[in-house]
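Student: I would like to go through this model feature by feature. Please give the general idea each time, then the case at hand.

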Amino acid sequence: MATINQISDYVIFRCKAEGNSDLSALKLQKLLYYIQAWHLAFYGAKAFDGGFQAWIHGPVNRDIYDLYKDTKYLYSEMTISDVKDADVINKIEEPLKVHVDTILDSYASFSATQLEIMTHQEDPWIEARKGCQPNQRCENVISEATMQKYYAARLGK
């Protein structure tokens, strides 16, 4: 299994290599979430280690947040210099790269705000934030079982 840091590096690398200038720290978080969610739905297993919390602006992986919190803000642009492991492309197995590429092909064209709105309308984030006010800080973990069930249902499984 890959690490979330490897997948994060791969997402940044791929987006920047393709000239995508719209990859903020917020958008990176949402893309990572959808990579994990759809991997759970398609394969019944995690794509990488690490879970997500139901923050105000949508799902956030705390490890990735902590990695960049001193240098990036919510809408800060990610750059190729943010890739921690330049050899990451050779460290991720091909089937996982294909999955990540498929999710990026589907979601990378959306803005960070659009992705945030999308996650706010989906059961995993909504369920994890039950009892929280819209602008209330929340670190509740989004259930991977709920993610798998919700996205698998969208596939008709």
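Student: How many of the 19 residues of α2 are buried?

Tutor: Buried means under 20% relative accessible area, exposed over 50%, and partly exposed in between, with a 1.4 Å probe and protein chains only. In α2, 17 of the 19 residues are buried, so the helix is largely enclosed by the rest of the structure. Helices are DSSP runs of H or I with at least four residues, strands are runs of E with at least two, and both are numbered from the N terminus. The model is predicted: local features need pLDDT of at least 70, side-chain atom pairs count only at pLDDT 80 or more, and totals for chains, interfaces and linings use all residues. Residues are numbered from 1 along each chain as its sequence is written, and side-chain values use heavy atoms, with hydrogens and water left out.

Student: What span should α2 have at 1.5 Å a residue?

Tutor: The expected span is 1.5 Å times one less than the number of residues. For α2 that gives 27 Å, and its end C-alpha atoms are 27 Å apart, which agrees. Just after α2, G44 has a positive phi of about 70 degrees.

Student: Which residues does Q29 touch?

Tutor: Contact means heavy atoms within 4.5 Å. Q29 lies in helix α2 and counts as buried because its relative accessibility is 6%. Leaving aside residues up to four places away in sequence, Q29 touches F52, P59, V60, N61, I64 and Y65.

Student: At what angle do α2 and α4 pack?

Tutor: Two packed helices are described by the angle between their axes and the distance between the axes. Axes are lines fitted to C-alpha atoms, for helices over the stretch in contact, and angles run from 0 to 180 degrees between N-to-C directions. For α2 and α4 (residues 94-107) the angle is about 120 degrees, and the axes are 10 Å apart. The two are therefore oblique to each other; under 35 degrees counts as roughly parallel, over 145 as roughly antiparallel, 65 to 115 as roughly perpendicular and the rest as oblique. Residues of α2 including W38 and F42 meet residues of α4, among them L96 and I103.

Student: Is K84 buried or exposed?

Tutor: K84 counts as exposed because its relative accessibility is 52%. K84 sits in the loop between α3 (62-68) and α4, and touches D9, L67 and Y68, not counting residues up to four places away in sequence.

Student: What do the buried residues of α7 pack against?

Tutor: The buried residues of α7 are T146, M147, Y150, Y151 and A152, and they pack against α2 (25-43) and α6 (123-128).
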